[in-house]
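Let's walk through some side-chain contacts together, one question at a time. Have a look at the model first.

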Amino acid sequence: MTTNSNCTHETISKNGELIKYKVGLMNVEKERWKTVDYRISQDFRSTCSCAMFETQGILCKHILYVMKKKQIMDLSDYYILPR
């Protein structure tokens with residue numbers, strides 16, 4: 001299992017409240033990295049091109065990496081799914 005401590009990022013763009021990052025493992029080619037859209041707002045909202053949350057309901061290592069870098073310690077209710 002790979003931890004997100006092996007991840008790194010590259011900022012693609014900043015446009016108002018939207019920041020786009022490329023996030024991936026340090027030892028993997030950048031073409032295989034995923035794109036994370038991070039929206040600056042009261043509630044943390046982010047999407048990833050791997051779509052793990054949208055398809056499986058689990059936050060991916062790419063979004064968790066961005067949360068760690070932004071020092072976000074609380075999940076918004078959006079990410080708490082009824083089971």
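Q: The charged end of Arg 45 sits over which ring, and how far from its centre?
A: This is a predicted model, in which local features need pLDDT of at least 70, side-chain atom pairs count only at pLDDT 80 or more, and totals for chains, interfaces and linings use all residues. Residues are numbered from 1 along each chain as its sequence is written, and side-chain values use heavy atoms, with hydrogens and water left out. A charge sits over a ring if NZ of Lys or CZ of Arg is within 6 Å of the ring centre and within 35 degrees of the ring normal. For the charged end of Arg 45, the ring is that of Tyr 78, and the distance from its centre is 3.9 Å.

Q: Is Tyr 78 buried, exposed or partly exposed?
A: Buried means under 20% relative accessible area, exposed over 50%, and partly exposed in between (1.4 Å probe, protein chains only). Tyr 78 has 36% relative accessibility, so it counts as partly exposed.

Q: How many aromatic pairs does a search of the whole structure find?
A: Rings of Phe, Tyr and Trp (its six-membered ring) pair if their centres lie within 6.5 Å; planes under 30 degrees apart count as stacked, over 60 as edge-to-face and the rest as tilted. Searching the whole structure gives a total of five.

Q: Why is the pair of Phe 44 and Tyr 79 tilted?
A: Phe 44 is buried at 5% relative accessible area, and Tyr 79 is buried at 6%. Their ring centres are 5.9 Å apart, and the pair is tilted because the planes meet at 40°.

Q: How many residues apart in sequence are Phe 53 and Tyr 78?
A: The ring centres of Phe 53 and Tyr 78 lie 5.7 Å apart with planes at 45°, so this pair is tilted. Helices (H or I, at least four residues) and strands (E, at least two) are DSSP runs, numbered from the N terminus. Phe 53 belongs to helix H1 (residues 52–56) and Tyr 78 to the segment after H2, so the pair ties together parts whose separation in sequence is 25 residues.

Q: Which residue forms a salt bridge with Glu 10?
A: A salt bridge is a side-chain nitrogen of Lys or Arg within 4 Å of a carboxyl oxygen of Asp or Glu, and the structure holds three of them. Glu 10 is partly exposed at 34% relative accessible area. With the closest N and O atoms 2.5 Å apart, its partner is Lys 30.
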